[in-house]
Amino acid sequence: MDNVARLLKESWTLVEEDRDRLSGHFYARLFLLDPALRQLFPVQMTGQGDRLLEAIITAIHTVDDPESFDEFLRALGRDHRKYHVDEQHYATMGVALLDALRSTAGDDWNLEYDQAWRDAYAAIAAKMIAGAADDDNPPFWHAEVLTHERYGPDTAVLTCRALQHPLPWRAGQYVSLEVPRHHPRVWRTYSVANAPNDDNVLEFHVRSPGAGWVSGALVRRVRPGDLLRLAAPMGSMTLDRSSERDILCVAGGVGLAPIKALVEELASYNRTRWVHVFYGARQAADLYGLAGLQELVAVHPWLSVTGACSEDPDFDGELGDIPDVVARYGPWTTHDCYVSGSAKMVRSTLRVLAADEVPPPHIRYDTFGDL
């Protein structure tokens, strides 16, 4: 597997700068091989190729880590059930993927690369198929929107109840979400912002400063009573209950969602671990969840919350980018660390934790955008 991983990463450098061409060729070939597959995808394919490539890249970077490789791909197979993908489709996708790689790479592609991708894809497909086959849950859950609150022009907090079947998730995980009334067959991932509960109610924090399809609909168009679809939960930014280390949580913007869920879960059992939450945004008005966190602080003596603003000199709290604030309060060498926010914020916070010599296995993070 080490040699296969080397060849995969080496060959990827031939195509990674031309992802649009790669994804375009893949889908053109896929729909030519099996025209019926076209109806499984949204009418507008914008962004669909990016999600495919993100999955491929993640698989490439975990193929030499068998435990992560297995966990990620089984979860990916469960998640792809929402697209109505079945076992026979994987062979067609494999042919289209290899054809797209060869075409995009050009003359630098060789037989070794070809065989490495064949072997890797066979392993990838087998694990995804196994993950889907082992899942007794439905391909997706219908959920009714219960509440919807706006915070400024770009941010909303909404809750929904999964109908018919219980939706099992762990605090810190995320789910794919579809708004079928407005954008059918278009899915986007969102972290669940609350711990599991008996009422089957999930909370989401959504920000849409631009014209994002799903996020825009969730912020501006969705109302209580509307129906959503939720896919199987994914992600490993979950609590290690066996650990006795204190906990650092760092959240930026709507990256608060999984951090809030983790704190809620800790509130149900923790008595011995100190938990430090750092929550940052540009303006005080963007710290929409600060009051709720402070209510938890009043009840749980082991919890502390530090708010910070990077562009609001009148804020009555810490000033500066949240990674710099975290650095001022360090070191965090002996903590379990959870980081969630924009790619830039996460990247900067990881550098702070590396400078504190926090062991990588003690760091878990969730990014909104490419890292």
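**Charges and rings: worked exercises**

The charged end of K82 sits over the ring of W187, 5.4 Å from its centre; that label needs NZ of Lys or CZ of Arg within 6 Å of the ring centre and within 35 degrees of the ring normal. Bear in mind that this is a predicted model, where local features need pLDDT of at least 70, side-chain atom pairs count only at pLDDT 80 or more, and totals for chains, interfaces and linings use all residues. Residues are numbered from 1 along each chain as its sequence is written, and side-chain values use heavy atoms, with hydrogens and water left out.

**Exercise 1.** Find the ring under the charged end of R241.

*Solution.* Go to R241 and look for Y269: the charged end sits over that ring, 3.9 Å from its centre.

**Exercise 2.** Work out how E10 and R6 are placed in their helix, and how accessible each one is.

*Solution.* Step one: the two form a salt bridge, with the closest N and O atoms 3.2 Å apart. The term means a side-chain nitrogen of Lys or Arg within 4 Å of a carboxyl oxygen of Asp or Glu.
Step two: E10 and R6 are 4 residues apart in helix α1 (residues 2–12), so about one helical turn separates them. Helices here are DSSP runs (H or I, at least four residues), numbered from the N terminus.
Step three: E10 has a relative accessible area of 34%, which makes it partly exposed, and R6 is partly exposed at 41%. For the cut-offs, buried is under 20% relative accessible area, exposed is over 50%, and partly exposed is in between (1.4 Å probe, protein chains only).

**Exercise 3.** Classify the ring pair of W12 and W117.

*Solution.* Start with the total: the structure holds 9 aromatic pairs. Rings of Phe, Tyr and Trp (its six-membered ring) pair if their centres lie within 6.5 Å; planes under 30 degrees apart are stacked, over 60 edge-to-face, the rest tilted. The W12 and W117 centres are 6.4 Å apart with planes at 35°, so this pair is tilted. Now place the partners: W12 is in helix α1 and W117 in helix α6 (residues 111–133), 105 residues apart. Both W12 and W117 are buried.

Notes
Helices (H or I, at least four residues) and strands (E, at least two) are DSSP runs, numbered from the N terminus.
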